[in-house]
Amino acid sequence: INSTKQLRTVPSLNFCWSPVTYLNDPLSPNPVTSTPQNITYYFTAQVEGNNVINNGNFTNGNIGFTSEYSYANPNFTEGQYFVGASPQAWNSSLSNCGDHSTGNGNMLLVNGAPAPNINVWQQSVTVIPNTNYAFSTWIQALYTPNPAQLSFSINGSDLGNLITASLPTCTWTQFYTTWNSGNNTSATISIVNKNTFVQGNDFALDDISFAPVIVKRDSVKITVNTPYIKSNNDSTVCSGSKIQLQTSGANTYTWTPATGLSNAAIGNPVTTIANTITYFVSGKNNFGCTAKDTVNFTALPKPTITKSNDTSICVNSSVQIFASGGNVYVWSPASSLSNPGIPNPIASPSSSTKYFVTVTGNNSCLNTDSVLVKINPLPVFSVSPNSSVCAKNSTQLQAAGGDTYLWYPAAGLDNVNIRNPLATPAATTTYSVTIHGNACNTTGTLSTDVSVLPLPDVNASSSNDLTCSLGSSQLNATGAINYIWSPATGLNSNNTANPVAAPGNTTLYTVIGKGTNGCSASDTVTVKVNYNMNALYLLPNSFTPNGDGINDCFGIKYWGSVRELDFSIYNRLGERVFHTNNPAICWDGMYKGRLQDVNVFVYIIKAKTACGYIERKGTIALLK
């Protein structure tokens, strides 16, 4: 409905439409109808019957017709014709044109002579008496200029206007006329040259037709579809309501706006009405026609609820909750309420509960809200576990779960009224704490033991003070299982019980020892340094490198603090068998990987010690 339809017909010689109602142009073979109702249009036309011309499209070549022109290939003068597909192949000066039907088929190529009334093409056919015939031929110019002028002739009589070729070249033009056969049973059809100009007059003919005119009739039925859809009636609803829409009459639907709709592309979406709104639905039926409908929803406001805040209570307690904003109140769950049908019931829950209230307003619309009543859990009091502390040390006690704390006994505590006092007991003690929670007035007492561990009996000693002859001292600590010495300066190790000390100056060493219980104690020892005493710098006169651990190596072990050294040993042949700059290294009797034989060797020692510069020369006997 309310649309148009283009009517179409095949080409015809003459035609008429019936009825012409709602046609925009009844004289057009392809009018447009805007009919608002079902209608049938009839098309009556004169059309051509079967073509009686033989080889009218020249597909079969130079047969089926005669010509007073000469058949020649190639063309070299006027008054010649040829049947072919390429004018340029016939005469290179002609345009490269194609045939009328396919563009690459045969056509009649003509170089007309300037002599009038010459039959260019002629064919005799059988006709039906008292019958209208339609003659048609197509012509195109092959050369510019082109003064081609031809006439259509039947039985020697010219009919219709002249046949002329249009320019530019290669432009096909149709010539058409009609003829009634009268009493004739045959007809000689001719295309006759009327041109007398020499220049040009090159053309092509194709698709020559001579056919009886037949009256035919056809009809077209126009069915007008009037779509109709129907949806919900307009209604008034409470804000927040869910409404099922129901629409019928179409196959597909589109809703606008999509606000609140579960699906805007179906006929029955669910809508949630928040505010007054108008929905437009467009439906398309199986004919592809579209209809529309509207649905208006007027939204009534829900009551505005004012309620008590969420709250907390202690076990076995009650609290009054309330709501306002409407006329009717319904609370749930009802089991722990004094009255679920009033705005302000007393709630006595045994566990945390969320109470929902449904309020009905003056307009009968409903709204729902909730109040959470939480049950405060009983406080969980705690105290730090039993612990141990080394004598004279402190430990931090910890209690939790309450608001106030009281510790006892007070001896050894820095503060008895805080949750985490510092305890320094003189002996093993059991501390108790009374904890009170204000929320539900809860009190409890807990205890923890603090064991006092004894300290180890740590003692430190030194073997000797340092002199020019005694460059180190053996330190020793007892009473613990591991030790740390400080300062580490001058010590060969600071984490053993008996390090060797060789300080440059008098030094006070402190040792911290840890016992088996993890407790620590300390002691001190002083290593005095005096390099003002004269040293003897004694050396042995023999040594026995036999591996028994006694006198196996010859060196300057007892020279005290040696800062620079040049120490060499020579055999009787003058070879140097040993040399070092390190006072801690001595000669073990080896030379070139072999223990030397019993003999006397010469040594030269130059040293800078804490007590001055020393130079010694002498002999040493190697014994076995």
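Guide: A polar side-chain atom of Thr507 lies 2.8 Å from the backbone oxygen of Asn505, a polar contact (N or O atoms within 3.5 Å, one able to donate a hydrogen and the other to accept it; residues adjacent in sequence count only if both atoms are side-chain atoms). This is a predicted model, where local features need pLDDT of at least 70, side-chain atom pairs count only at pLDDT 80 or more, and totals for chains, interfaces and linings use all residues. Residues are numbered from 1 along each chain as its sequence is written, and side-chain values use heavy atoms, with hydrogens and water left out.

Thr507 belongs to strand β41, residues 507–514; strands are DSSP runs of E, at least two residues, numbered from the N terminus. With a relative accessible area of 17%, Thr507 is buried (under 20%, 1.4 Å probe, protein chains only). Beyond residues up to four places away in sequence, Thr507 touches Pro487, Val525, Thr526 and Val527, where contact means heavy atoms within 4.5 Å.

Now for the other parts. The largest nonpolar core has 32 residues, and Leu108, Trp121, Ile189 and Phe210 have the most contacts inside it; such a core is a set of buried Ala, Val, Leu, Ile, Met, Phe, Trp, Tyr and Cys residues joined through side-chain atoms within 4.5 Å. A second, separate core of 20 residues includes Phe554, Leu565, Tyr591 and Ile605. Leu108 also has contacts away from its sequence neighbours within four places, among them Phe58, Tyr81 and Trp121.

How values were computed
Helix = DSSP H or I, 4+ residues; strand = E, 2+ residues; numbered from the N terminus. Buried < 20%, exposed > 50% of the residue type's maximum accessible area, 1.4 Å probe, protein only.
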